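Reader: I am new to this structure. Could you take me through it in questions and answers?

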Amino acid sequence: MISWPNLVSQLFNGLALGALLALISSGLTIIYGTLGVLNLAHGAMFMIGGYAGFVTYQYTESFILAVIAGSLFVMLLGVVMERVIIRHFYHRPHEDQLLVTFGLGICFVELVRLLFSSQSQIVPPPALFQGITNLGFMFYPTYRLAVVGIVAVALGALFIILYRTRLGMIVRAGIEDSVMVDSLGINVYRVFMIVFGIGAMAAGFAGIVNAPVVSLTPGIGDDILVQTFVVVVIGGVGSFPGAILGGLIAGEIISVTSMFNPGYAYVMLFAAMTLVLVVRPHGLLGVQGRE
Amino acid sequence: MLKQRPFLIETLTAIGLIVAPFVLPHLGFAPNTVNRILVWGLFGLGFDILFGFTGLLSFGQSAFYGTGGFVAAYLLTRAGFGNVLGALIIGTIAAAATGYLIGLIALRRTGIYFAMITVAIAEVFFFVEFNPLSDFTGGENGLPGVPTPSFNLGFTTLHFTNGWSLYQFIALCYFIGVVIALRIVRSPVGAILSAIRDNPLRATAVGHNIHGYKLTAFVIAAAYAGFAGGLLGVLQAFMPPDAFTFDTSGQLVMQTAIGGRGTLFGPLVGATVWLFLQDFLQSALGLGAAWKLVLGVVFVLLVCFLRGGIIGGLADLYRLVSGGRQQTDAELEQAAADDAEATPQLAPAPMQAKAVEHPAYSGPILKASGLTKRYGGLVANSDIDFSVNQGELRGIIGPNGAGKSTFFKMLTCEIPPTSGQIVFEGRDITGLKVTEVCQLGLTKSYQVNQLFTGLTVRQNLTIAALAELRGKFRLDLFRTLAGVKGLTEQVEHTLALVNLTRRADTPVSELAYGEKRRLEIGLALATSPRLLLLDEPLAGMSPRERVETVKLLKSIARGRTMIIIDHDMDSLFELVERVTVLQEGKVLVTGTPEEIKTNAAVQEAYLGGVHGEIAA
């Protein structure tokens with residue numbers, strides 16, 4: 001029953017899912033690392049990215065425009081959310097931050113459900129990536145291969161922002177010690193807003209890029225959010241490389257387990273998370289101290 | 001106020017539950033809705049102990065709700081088990097056992113990690129229920145045919161079928177649930193849970209095994225969830241698979257926050273609002289599916305503007321209305337306090353340190369050898385040899401950055417040394433936990449106040465005294481605080497010693513700085529240490545407060561050994577017998593205050609080479 005092409009195909013699926021999870025988790029983890037806020041509405045951001053792209057596609061029939069509009073819309077949403085609500089929660093306990101982002105996530109999902117109904121919507125892949133590619137030993141959907149490439153580029157861009165720009169340096173310093181950054185005369189709150197925007201955009205971008213692979217439903221972000229948590233726990237909170245490593249690990253675990261029995265995918269994912277928690281409580285690439 | 005009427009809340013709950021079937025139908029509540037509200041309320045009782053009282057926000061309660069529900073339903077439908085109550089109890093035990101195992105994993109981390117892990121757990125349970133265990137759980141069909149309870153009393157058989165008849169059974173369960181929850185919350189364990197919510201670091205430092213208590217709260221919440229899950233099956237005559245969904249956990253969290261966390265009744269109020277609005281918005285206003293959006297917005301607004309939820313808001317309102325009268329009370333109290341301060345009062349008797357386990361030991365009470373702490377390349381303490389005799393009063397001074405606080409943290413085992421050994425009363429304590437060391441009789445007061453800020457002065461000291469009287473972990477869930485022998489005496493005595501008796505019932509957040517400093521010392525003192533370390537007890541005090549505090553320190557020094565770090569040398573030299581000077585992580589010199597004052601090396605360390613007597 002388990003053939004080589006089947007296994008390789010699942011490994012590719014895992015890579016595509018893993019890359020996607022890596023991107024979404026990076027957004028979640030840089031927001032948490034910098035602002036200290038765990039955004040439970042992050043899954044909703046992913047979902048809204050898909051829907052914003054879907055609407056754009058309906059009007060323009062252009063996939064590129066859909067990706068751009070979807071990402072920008074979610075970034076804008078993130079910035080507004082930070083300005084209007086999240087900033088009042090920086091000095092409140094973690095529980096309140098969790099509660100308010102959880103509530104916002106529900107509002108977003110229900111709003112989308114109201115506007116688009118619960119029926120699934122479809123965004124076709126761009127013409128360039130339609131069809132199936134012959135890899136020599138097996139056939140594989142072209143767009144799924146393209147997803148790996150597109151997400152890799154996005155991760156590269158995120159890497160450059162984080163590790164090669166002044167903003168990135170401030171963000172990484174903020175992850176270490178935001179009070180210190182503040183006292184160095186840098187307006188931390190402006191940085192917070194930008195980081196929230198970028199983090200949300202990462203999820204939104206992933207949402208629209210993923211849209212042709214699955215069909216869009218308002219609840220699509222819920223499962224992703226849970227998987228993202230596991231990724232972050234495995235990789236280490238606040239660690240960008242950890243999010244990438246964790247994402248790939250989680251993606252492969254889900255895909256390979258699904259080959260045998262989809263029902264056990266989450267069990268295996270959870271087992272991996274437990275193992276990491278027991279062996280390395282701060283995650284594979286996490287730093288001790290930040291909690 | 002409520003303390004004087006011990007069964008007030010229980011009585012009011014009973015009256016409410018008895019009156020409900022006569023009143024609620026007129027308000028448009030169907031009996032089935034009321035029963036649902038009670039099941040949510042019961043589910044929430046345990047959750048509130050976990051979230052509201054202990055501060056652990058779990059998004060995974062559906063796992064235990066579903067476990068308890070399906071175990072009970074399976075027994076009653078497929079396994080042919082006839083006793084409904086028995087099945088419910090077995091379901092509860094199964095949920096509690098599951099909670100224990102999951103708690104071991106989830107509680108390895110706190111804060112947002114805990115929240116994320118619980119979400120993942122809930123999702124795993126959902127998938128397991130649907131796939132690998134679908135033979136037992138019915139998969140997406142659930143388990144139909146759950147019977148309702150009946151009790152054969154010999155002369156007659158009580159049968160609770162549906163509607164208001166079933167209400168009687170569920171209401172009784174809820175009432176028992178409330179009584180148990182109140183007992184737990186008012187027990188020593190309950191007090192410690194609040195302390196963990198407010199300041200886990202200090203709760204650990206005064207000698208409580210907080211991991212054990214957190215696990216206890218987690219298991220309690222799981223047990224309540226399991227029982228409520230079982231009741232859900234009985235109520236619907238069907239165990240629905242969606243009990244396991246993340247939405248269930250989410251709804252519980254939202255209902256608790258809407259009603260008011262930390263109140264026990266918040267979840268009930270929240271569920272009432274939730275289910276009422278759901279009906280009202282859907283049918284009366286014809287909003288259809290938008291009802292959840294409205295509830296989501298209401299929830300976000302409540303979290304933003306009314307942190308205490310509906311019950312918290314009502315309590316605030318009540319305080320606002322009755323505030324004028326309390327103001328005058330406070331003023332009177334202040335006036336009385338001023339009077340009392342003007343007239344000298346009798347000094348309270350000195351407080352005994354806890355009895356020595358092995359009185360034969362007569363060597364130095366504390367001996368550190370070769371103690372070193374490195375942070376990467378930075379050496380905070382290097383090769384410190386340090387010894388203090390029984391009953392000694394030792395001062396430690398040194399310029400900023402000399403490594404004094406790091407040294408204290410190693411002595412109390414808050415941080416492990418890189419190398420070296422610490423021996424307390426002849427016993428090697430290197431590598432022990434701060435909790436164990438405190439239980440042995442060695443603790444410290446902190447440089448920066450570490451108080452339980454949400455509690456009153458008396459409650460703060462109670463937490464510390466409980467650690468001394470009960471040990472680091474004990475499951476006396478049903479004992480009252482008044483039932484802990486010696487607790488009142490210990491707390492009153494400490495209050496008198498640190499001169500906070502008149503402020504006993506003031507919340508910590510309303511104390512003046514000097515009072516907070518005294519409470520900080522009181523927290524350490526209430527654990528009856530034989531060796532007490534004080535990290536800058538005089539920092540930030542006014543000259544008058546300093547004089548008072550030095551007097552206090554002198555009085556508590558009787559019968560115990562103390563080591564004091566401070567920058568106020570006048571006060572310190574007056575207080576201590578010998579002084580150790582630290583510089584750049586090393587011991588510079590140890591001697592009597594006189595010797596230190598005239599020591600050239602010390603002067604150099606402080607004044608950078610200017611020779612001459614320190615203006616002491």
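Reader: At about what angle does helix 20 of chain B run to strand 10 of chain B?
Author: Keep in mind that this is a predicted model. Helix 20 of chain B covers residues 513-525 and lies across strand 10 and strand 11 of chain B. Its angle to strand 10 of chain B is about 175 degrees.

Reader: Which strands stand at the edges of the sheet that holds strand 10 of chain B?
Author: This open sheet has 6 strands in the order 10-11-12-7-13-14, with mixed pairing. Its neighbouring strands are turned by 20 degrees against each other on average, direction ignored. An edge strand pairs on one side only. The two edge strands are strand 10 (442-445) and strand 14 (586-591) of chain B.

Reader: In what sense do strand 7 and strand 13 of chain B pair, parallel or antiparallel?
Author: Strands of a sheet can pair either way, through backbone hydrogen bonds. Here 4 bridges link strand 7 (residues 393-397) and strand 13 (residues 578-583) of chain B. One bridge partner of this kind is B:Thr580 in strand 13, for B:Ile396. The sense of the pairing is parallel.

Reader: At about what angle does helix 16 of chain B run to strand 6 of chain B?
Author: Helix 16 of chain B spans residues 404-411. This helix also lies across strand 5 (366-375), strand 6 and strand 8 of chain B. Its angle to strand 6 of chain B is about 60 degrees.

Reader: Why is one side of strand 6 and of strand 9 of chain B left without a neighbour in the sheet?
Author: Look at the order of this open sheet of 4 strands: 6-5-8-9, with antiparallel pairing. Strand 6 (378-388) and strand 9 (427-428) of chain B stand at the edges, so one side of each has no neighbour in the sheet. The reason is that each has a single partner strand.

Reader: Which residue in strand 9 of chain B stands opposite B:Val423?
Author: Strand 8 of chain B takes in residues 419-424 and runs antiparallel to strand 9 of chain B. The two are joined by 2 bridges. Opposite B:Val423 stands B:Asp428.

Reader: How far apart are the centres of the two domains of chain B?
Author: Chain B is divided into domain 1 (19-320) and domain 2 (366-615). The centres are taken over C-alpha atoms. They are separated by 44 Å.

Reader: Which helix of chain B gives the largest share of the side of domain 1 that touches domain 2?
Author: The contact takes 23 residues from domain 1 and 31 residues from domain 2 of chain B. On the domain 1 side, helix 7 (163-186), helix 8 (188-198), helix 9 (200-205) and helix 10 (210-236) of chain B each supply at least two residues. That side divides into 10 nonpolar, 9 polar and 4 charged residues. The largest share, 7 residues, comes from helix 8 of chain B.

Reader: Is B:Leu50 buried or exposed?
Author: B:Leu50 is found in helix 2 (residues 31-53) of chain B. Beyond four places in sequence, B:Leu50 touches B:Leu56, B:Ser58, B:Ala217, B:Phe218 and B:Ala221. The cut-off for this class is 20 or more other C-beta atoms within 10 Å. B:Leu50 has 27 C-beta neighbours inside 10 Å, so B:Leu50 counts as buried.

Reader: In which hand does helix 3 of chain B pass helix 4 of chain B, right or left?
Author: Helix 3 (residues 62-77) and helix 4 (residues 84-106) of chain B pack at about 145 degrees, with axes 8 Å apart. Their contact has 13 nonpolar, 7 polar and no charged residues. The crossing is right-handed.

Reader: Which helix of chain A gives the largest share of the side that touches chain B?
Author: Here 36 residues of chain A are in contact with 37 residues of chain B. The chain A side has 25 nonpolar, 5 polar and 6 charged residues. The largest share, 15 residues, comes from helix 4 of chain A.

Technical notes:
Residues numbered from 1 in each chain as written. Chains lettered and ligands numbered in written order. Predicted model: local features only at pLDDT ≥ 70, side-chain atom pairs only at ≥ 80, totals over all residues. Contact = placed C-beta atoms within 7 Å. Nonpolar A, V, L, I, M, F, W, Y, C, P; charged D, E, K, R; others polar. Axes fitted to C-alpha atoms, helices over the stretch in contact; angles between N-to-C directions. Left-handed = near helix turned anticlockwise from the far one by under 90°. Pairing = 2+ DSSP bridges. Domains from an automatic or database assignment. Buried ≥ 20, exposed ≤ 12 C-beta atoms within 10 Å, placed from the backbone.
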